[in-house]
Amino acid sequence: MFDRSTPATRADSWSVRLDEVDERILWVLASDARIPNNRLAAEVGVAPSTCLTRVRALEQAGIIRGYRADVDIARLGFAIEAMVSVRVHAAARRELREFAKRLLAIPVVLDVSFLAGDKDFLVHIACTSTEQLRDFVADELSGDPSVATTQTNIVFERLVAERPRQARSFGELRRWQA
């Protein structure tokens, strides 16, 4: 079971040390979040009650943030996906978090990533048309006085890694070398 005794280096106030069973639980759930508890327990080699206790503890600790459906948004009519990089003016740097929150409130925005480098954000959006994409970039980004520049990249295809085919565990990912 994990230990929350060491101060963290990230946003939360505690570092979490996971044991091998916790990591196996997370690995299986990352591949199939809908797996029934009894099958999950069998795959990681613990009793179902132990497995359920560990999953709940991982949820309470914020390690498991949620369970999501992988929705094909193109089949819902959102034919255009784009990644828009955004650089804000130096005078607006104190308001980066508020700017990101404003973007997240816009329905076409799927997610916003803070970046290191010459751009401040990468905004992932889904639109029904190129006109809607243009309007978003022109009105919501370029029209915002805090925005210095934008660069729009249309996503032709999104390929997602299949973790079980890449590695057998998080430990194997940690040890990976090119």
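Arginine 54 lies in helix α3, helices (H or I, at least four residues) and strands (E, at least two) being DSSP runs numbered from the N terminus. The model is predicted, and local features need pLDDT of at least 70, side-chain atom pairs count only at pLDDT 80 or more, and totals for chains, interfaces and linings use all residues. Residues are numbered from 1 along each chain as its sequence is written, and side-chain values use heavy atoms, with hydrogens and water left out.

Arginine 54 has a relative accessible area of 11% and is buried (under 20% relative accessible area; exposed is over 50%; 1.4 Å probe, protein chains only). Its side chain joins that of aspartate 22 in a polar contact of 2.9 Å (a pair of N or O atoms within 3.5 Å, one able to donate a hydrogen and the other to accept it).

Both residues belong to the contact (heavy atoms within 4.5 Å) in which Val21, Asp22, Ile25, Leu26 and Leu29 of α1 meet Cys51, Arg54, Val55 and Leu58 of α3. By class, this contact has 7 nonpolar, no polar and 2 charged residues. The axes of α1 (residues 20-31) and α3 (residues 48-60) come within 11 Å and cross at roughly 80°; the two helices are therefore roughly perpendicular (65 to 115 degrees).

In helix α4 (residues 96-104), the buried residues are Leu96, Phe99, Ala100 and Leu103. Seen down the axis of α4, these fall within an arc of 100°, so they line one face of the helix. Arg97 and Lys101, on the other side of α4, are exposed. The cover over the buried residues of α4 includes β3 (80-88), β4 (109-114), β5 (121-127), α5 (130-142) and β6 (147-155).

Key
Axes fitted to C-alpha atoms, helices over the stretch in contact; angles between N-to-C directions. Parallel < 35°, antiparallel > 145°, perpendicular 65-115°, else oblique. Nonpolar A, V, L, I, M, F, W, Y, C, P; charged D, E, K, R; others polar. Arc of directions from axis to C-beta.
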